[in-house]
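Subject: Structure for you to look at

Hi,

Here is the structure I promised to pass on. Please open it first, then read my notes below.

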Amino acid sequence: MKKLSFLVAALAMVSMVFTSCKKDEPKDEPTANQLYDGFYLVGEATAVADFNSSDIALAYMGAGFNEAVKEKRAGMYEKYVALEADKPFKFILHEAGKTDVTYGGSLEKKMATAEGGLAEIEVFWGQLAENVEMKVPVSGLYHVVLDLNLDGQLTATGGKQIMLVPVAWGIRGGFIDANWNNTIEATSASKFDKKHMEFSFKDVVVKKDDAFKFVQADCWKIYLDMMGQVKCETSLGIENGEITTFGEEINFSIERGIYDLKLTWDLKGGACGKSFTYASTKTGEPAAESYVPTDHKLGISGTMNGWGAPAGLYLAQYNEGKSEITDQATSAGNYVYVLKGLTFEAGAQFKFRFDEDWIGLSGIEITGVEASEADGNITIPEGCYDIEYVVVWDGAQAKYKANFAPGTPSEVVYANIAVTALVPADWDKCYIWAWSDANGANYSGGEWPGEELAIENGKVTKAFTQVATPLNVIFSNGAGVQTIDITNVEDGAEIDIQANLKQ
């Protein structure tokens, strides 16, 4: 009971001490001629040595943004600032008509929980206390987060706290990997400067019109608490033409090409995103790439199949007869894939897939049906449809079309089928050719002799996911020796290749 009473009293004291901070949200753009109520970061480590500096407006901290709930957080402040090693710095709380108060904390290295990349990030962390100065061991740009814990959410992790994240800029985007998980790190950074630093990315290859963000610590967010109720954003995007740290769906649009990119930081007061500007210089074009239709998996994922990877009925089949190559040198042309007998219930939501890319309504031209958007996903009137899914390849990048036509519910039965085969002793390679007459699909790449399987202890195994039944297979050594057509293969089948060789 004593501990509980002490905690309640402590929280009450926090609320009284910082009442004005909770009421008055930090202004975004302070000026040199006017001091706003709020926190300022000053000291020998920074470009603003003390509160009497003519540059004091540059030291003003902006409102913090809690990415856990996508809104500004009362009592949370953020700033990007260059700090010189082994020099002191501190927070000054300025409130008109009151004596300025100095705050800081004994900083220690700590592993903080991260999200969207590394599981943990090394930060400098301390509990906020009066009349304490701070130092960092390494000069550099830091993301400084101050939280007064006005709502008590951070009590379990120390209450009022300071977190300093060393900044190492990188970029993430769909042209790097479809899931935006990998990072290209900056190739160089300008020398340490307390007011201005530049981070360069040379020869960035963008193979398709896409988007990207800058990320500061190879992750998207860092937790201030243990449960993820308070998170700070560690990326920069663009909104209304300006760089910002707020939100997830704000990206820099970028066209296909080879680029030199530069992210510039200038010390500014207020909203921390306003400290950054971005420039890009296109230096060339990526080499042309051939389009090989059988190298790609196209289909649909949605509420119909639990948003799983396209398989079975939801995996599109390439139609060579309908496809048209207009330029043999670049492989430019229209590549047609088909999906047949797909039933959409009322309210069903989905996206098209191209390999690991998710394609929403803005990324594909849809005809034959009235399509709309719900929660970022595509919706269409309920019914059964045949879909012609077209990849328009211009020799450099793809665009997509889909035409919906009335269809008949598929009678094809799909199943997971695993097969094992005993390989002849004189074979050093083994290939499988698999297909189904039920839907005309080939499940081994569509190019003879099919998929090569690894021989282990004289056997090969292959597991098929949601293939049309009945399934047929041929095994071969890739050098003219093969089995007969082995039809109606069932799950768990064990095949003796020698006993089924074609004479």
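The aromatic pairs come to a count of 33 in this predicted model. One of them joins F201 and F214. F201 belongs to strand β14 (residues 196–206), while F214 belongs to strand β15 (residues 210–215). The two are 13 residues apart, and the pair links distant parts of the chain. F201 and F214 are both buried.

Now look at F354 and Y400. Their ring centres lie 5.5 Å apart with the planes at 50°, so this pair is tilted. F354 sits in strand β27 (residues 350–354) and Y400 in strand β33 (residues 398–406), 46 residues apart. This pair, too, links distant parts of the chain. F354 has 10% relative accessibility, so F354 counts as buried. Y400 has a relative accessible area of 14%, so Y400 is buried.

F354 and Y400 also belong to one aromatic cluster. Its other members include Y291, Y335, F344, W393 and F404.

Two charged residues sit over rings. R172 lies over the face of W220, 5.1 Å from the ring centre. K462 lies over the face of F464, at 5.4 Å from the ring centre.

Last, the cysteines. C219 is buried because its relative accessibility is 0%. C384 is buried as well, with a relative accessible area of 15%.

Best wishes

Technical notes:
Residues are numbered from 1 along each chain as its sequence is written. This is a predicted model: local features need pLDDT of at least 70, side-chain atom pairs count only at pLDDT 80 or more; totals for chains, interfaces and linings use all residues. Side-chain values use heavy atoms; hydrogens and water are left out. Buried means under 20% relative accessible area, exposed over 50%, partly exposed in between (1.4 Å probe, protein chains only). Rings of Phe, Tyr and Trp (its six-membered ring) pair if their centres lie within 6.5 Å; planes under 30 degrees apart count as stacked, over 60 as edge-to-face and the rest as tilted. Helices (H or I, at least four residues) and strands (E, at least two) are DSSP runs, numbered from the N terminus. A charge sits over a ring if NZ of Lys or CZ of Arg is within 6 Å of the ring centre and within 35 degrees of the ring normal.
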